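Please look over the sequence and the model shown below before reading on.

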Amino acid sequence: MEPLIPGKYYHIYNHANGNEQLISEDKNYRFFLLKIKEYIVPVADIYTYCLMPNHFHILARIKDEEILTGLLKLKTESITNLQTLKQSNLVQNEKELSDYVSKQFSNLFSSYTQAFNLLYNRRGSLFLKNFKRKNIDDDTYFVRLINYIHFNPVVHGFVNRPADWKYSSYNAIVSSAPTLVLRDDVLNWFDGLGNFMHCHLRPMEI
């Protein structure tokens, strides 16, 4: 399994178990986004997302080592309740930080599953055990991936245009409404709003 390295960009995605549905109604989408904000936004910058009935996509940059180390320090102090924890004991290696970020995603899936199971009177895991991640280190691919993620509901036949799908970051990026994605950064990658919208008139190959 590829580690989630601080400062690196990743395409992160996962699928429901078998023929299960991750999201059955509007309130599921809203709750999933709340859980992303709770568990993922502290450890990763979100550039693009799309939530589908049986899978999701997120394009994110793992936060820098200093930020993750600070978060892990607070977590360690909270768990151990040690007020005199020495800085020398807080130095985290790359694997520890990667494991911490991966655990945040696991917490996202677990928290969402527990609420989903309670709401719909079901049992067992909802997501595939190992979520997928792919390191993105090419600027052109990064831009094309944003387009690919936003076109997911179009390709799967749910809507005709990315703007018609309520559960992706497309409409958040083209609006001025509060959002968990880094809107300005995304628009800069596309050299502005006009070109962003133009580049979403048709799907790009990746």
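How many bridges join strand β1 to β3, and do the two run parallel or antiparallel? In this predicted model, strand β1, which covers residues 9-15, is joined to β3 by 7 bridges, and the two strands run antiparallel.

- Strand β3 spans residues 55-62 and is mostly covered, since 8 of its 8 residues are buried.
- The cover extends to both faces of β3, with H55, H57, L59 and R61 buried on one side, and F56, I58, A60 and I62 buried on the other.
- On the side of strand β1, which is antiparallel to β3, residue N14 stands opposite F56 of β3.
- Strand β2, made up of residues 44-51, is likewise antiparallel to β3 and is joined to it by 7 bridges, and Y49 stands opposite I58 in β3.

**Aromatic rings**

- A pair of aromatic rings is described by how far apart the centres are and by the angle of the planes.
- The count of aromatic pairs in this model comes to 24.
- One of them is formed by Y9 and F142, whose ring centres are 5.4 Å apart and whose planes meet at 80°, so this pair is edge-to-face, a label given to angles over 60 degrees.
- Because Y9 lies in strand β1 while F142 lies in helix α4 (residues 139-150), the pair ties together parts that are 133 residues apart in sequence.

**The largest pocket**

- Rolling a probe the size of a water molecule over the atoms shows where empty space is left.
- The largest pocket has a volume of about 340 Å³, and of the 16 residues that line it, the closest to its centre are L33, Y49, P178, T179 and L180.
- Y49, listed here among the residues closest to the centre of the pocket, is also the residue that stands opposite I58 in β3.
- Helices α1 (26-39) and α6 (170-174) each supply at least two residues of the lining, and the largest share, 5 residues, comes from α1.
- By type, the lining residues of the largest pocket divide into 9 nonpolar, 4 polar and 3 charged.

- S110 lies in helix α3, which covers residues 94-120, and with 35% relative accessibility S110 counts as partly exposed.
- From S110 to I40 the separation is 70 residues in sequence and 13 Å in space, taken from C-alpha to C-alpha.
- K134 is found in strand β4, which covers residues 132-136, and at 38% relative accessibility K134 counts as partly exposed.
- Between K134 and T179 there are 45 residues of separation in sequence and 24 Å in space, again from C-alpha to C-alpha.

Methods: Residues numbered from 1 in each chain as written. Predicted model: local features only at pLDDT ≥ 70, side-chain atom pairs only at ≥ 80, totals over all residues. Heavy atoms only, no water. Buried < 20%, exposed > 50% of the residue type's maximum accessible area, 1.4 Å probe, protein only. Helix = DSSP H or I, 4+ residues; strand = E, 2+ residues; numbered from the N terminus. Pairing = 2+ DSSP bridges. Phe/Tyr/Trp six-rings, centres within 6.5 Å; stacked < 30°, edge-to-face > 60°. 1 Å grid on protein atoms, 1.4 Å probe; cavity = no way out; pocket = protein on both sides within 12 Å on 5 of 7 lines; lining within 4 Å. Points joined across faces, edges and corners; volume = space filled by probe spheres on them. Nonpolar A, V, L, I, M, F, W, Y, C, P; charged D, E, K, R; others polar.
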